[in-house]
Amino acid sequence: MALAALRREGRRFAPMISPRPITALRSSPLAPSLEDEGPIGVRYISTQVVRNRMKSVKNIQKITKAMKMVAASKLRAIQTKAENSRGLWQPFTALLGDLPSADVKKNVVVTISSDKGLCGGINSTSVKISKGLHKLNSGPEKETKYVILGEKAKAQLIRDSKKDIELIITELQKNPLNYTQVSVLADEILKNVEYDALRIVFNKFHSVVSFVPTVSTVLSPEIVEREAESGGKLGDLDSYEVEGGETKGEILQNLAEFQFSCVMFNAVLENACSEQGARMSAMDSSSRNAGDMLDRLTLTYNRTRQASITTELIEIISGASALEG
Amino acid sequence: MLGRASMLLPCRSILPARARPFSTDLPAAPSADATFTEAWTKVIPNMDPPKTPLSFMQPRPPTPSSIPSKLTVNFVLPYASELATKEVDMVIVPATTGQMGVLPGHVATIAELKPGVLSVHEGSEMTKYFVSSGFVFIHANSFADIIAVEAVPLDRLDVNLVQKGLAEFTSKLSSATTDLEKAEAQIGIDVHSALNSALTG
């Protein structure tokens with residue numbers, strides 16, 4: 001039974017064992033340490049190989065544990081900022097409501113993703129949602145363009161939607177995130193992209209293990225006017241008096257731009273938190289996996305070691321008993 | 001046998017992203033959400049539709065029939081919520097058309113703010129902030145949302161730096177060549193003179 005198990009273990013590591021003919025040509029000190037041939041022609045993996053593998057797995061475990069700690073500390077730093085910024089978009093939603101199903105001609109999907117990898121599946125989720133929105137808003141005379149923040153979404157979207165991408169922004173988190181930087185970014189986007197509706201796709205941070213993909217919609221002033229006139233959700237927007245400025249349109253324009261920068265700021269912070277949280281859990285499960293692998297390898301190592309000792313003993317004893325006759 | 005047992009290690013997976021059910025989830029509000037979720041499930045049946053901000057917000061109370069006694073103020077900045085649903089008597093906001101006093105029962109208004117002093121009156125106490133710019137929304141249900149980019153309490157302002165800044169921007173305006181430089185210098189002058197009058201007035 002034990003030998004059957006050993007044989008199975010040996011077969012699992014089979015690709016690493018060099019084929020028989022080559023070892024015959026190798027110099028003698030090396031050959032015995034690489035392969036032992038026991039009874040029934042079973043080939044064991046050598047202890048040296050298993051030891052090397054154990055060393056590398058242990059190093060990987062250390063690295064992933066360190067990455068988890070780093071992600072945890074970064075998360076702590078940015079989480080307070082994100083939670084403080086949550087009050088920023090609420091007044092806009094209270095005033096203008098939330099119309100993700102508004103039917104518009106020019107849609108712009110702003111996908112927020114991370115620059116670095118190893119953070120679980122959050123970037124893929126954002127990209128899938130963006131593609132879903134693209135599909136949802138496709139139709140005659142309608143077009144959807146992408147504005148991409150972050151390397152990971154760029155890598156995924158550039159493969160099949162290259163012609164739809166308007167703007168790509170990377171290295172957002174080189175300096176700590178602040179409102180000035182994000183408002184400059186928002187300004188750039190608004191200047192370069194024509195839009196009727198901006199849909200910002202990001203992962204909202206609920207807790208260290210839960211990130212909800214969310215889409216926030218910012219409508220251009222013309223669409224806001226249109227929706228207000230047609231009644232429905234924005235119907236009572238007309239009841240609001242607009243102070244100052246020459247025209248109502250001017251104030252609404254400023255309002256839309258301000259709304260976009262506020263919503264972007266919150267979205268970018270939430271996505272950064274989600275990224276760190278996802279990285280934490282990814283690295284945590286990776287270190288746990290490495291630990292399991294290490295346990296398995298230790299067992300294999302011990303078994304191999306004991307098997308070679310047993311084989312030696314058998315040889316000696318059978319040799320001795322043969323001599324006795 | 002030993003080998004088989006050790007090979008059947010439990011496989012641990014990352015917890016799937018589960019949305020915490022929010023107590024603020026309104027049954028009435030998501031009428032737009034309902035059309036969105038329906039349209040989504042029709043086109044993309046494999047994925048859950050993404051959440052929208054409406055499901056994360058506390059619902060606002062409807063317009064009461066009589067004028068309430070207090071004004072509920074939300075004063076938010078990008079970095080913090082200075083006042084969150086605080087009940088006050090009156091706020092005076094520096095709108096572009098001048099200082100605007102807001103009392104409970106004020107007509108619904110959207111106003112843009114210019115650099116100036118915002119004062120919050122609660123009973124006998126008054127808190128003053130210098131606001132750089134932003135917007136104020138006054139809703140019919142006596143809720144006021146003030147969103148500012150920067151706001152500092154007046155006692156944190158340094159008179160000397162204000163004077164220096166004013167002088168600097170005035171000289172910049174006189175030496176400005178392009179329209180952009182002129183506009184920037186003008187903005188600097190506006191803000192600094194508002195700061196000046198806030199500190200002296």
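Colleague: What are the ground rules here?

Modeller: The model is predicted, so local features need pLDDT of at least 70, side-chain atom pairs count only at pLDDT 80 or more, and totals for chains, interfaces and linings use all residues. Residues are numbered from 1 along each chain as its sequence is written, chains are lettered from A and ligands numbered from 1 in the order written, and side-chain values use heavy atoms, with hydrogens and water left out.

Colleague: How far does helix α10 of chain A reach from its first C-alpha to its last?

Modeller: Start with the terms. Helices (H or I, at least four residues) and strands (E, at least two) are DSSP runs, numbered from the N terminus. The expected span is 1.5 Å times one less than the number of residues. Helix α10, residues 248-324 of chain A, has 77 residues. Its reach is 112 Å, close to the expected 114 Å. After α10(A) comes A:G325, with a positive phi near 95°.

Colleague: How many aromatic pairs are there over all chains?

Modeller: Rings of Phe, Tyr and Trp (its six-membered ring) pair if their centres lie within 6.5 Å; planes under 30 degrees apart are stacked, over 60 edge-to-face, the rest tilted. A search of the whole structure finds 9 pairs. One of them joins B:F75 and B:Y129, edge-to-face, at 5.3 Å centre to centre and 65° between planes. This pair links distant parts of the chain: B:F75 is in strand β1 (residues 71-76) of chain B, B:Y129 in strand β7 (residues 125-131), 54 residues apart.

Colleague: Are B:F75 and B:Y129 buried or exposed?

Modeller: Buried means under 20% relative accessible area, exposed over 50%, partly exposed in between (1.4 Å probe, protein chains only). Both B:F75 and B:Y129 are buried.

Colleague: Why is the pair of B:F135 and B:F137 called tilted?

Modeller: Because the planes lie at 45°, with ring centres 6.2 Å apart. B:F135 is buried at 3% relative accessibility, and B:F137 at 0%. Ring pairs also link these two with A:F92 and A:F258 into a cluster.

Colleague: Which charged end sits over the ring of B:F56?

Modeller: The test is NZ of Lys or CZ of Arg within 6 Å of the ring centre and within 35 degrees of the ring normal. Over B:F56 sits A:K204, 4.8 Å from the centre. B:K172 sits over B:F169, at 4.9 Å.

Colleague: What does A:V242 contact beyond its neighbours within four places in sequence?

Modeller: Contact means heavy atoms within 4.5 Å. A:V242 touches A:K248, A:I251 and B:I110. A:V242 lies in strand β6 (residues 241-243) of chain A and is partly exposed, at 24%.
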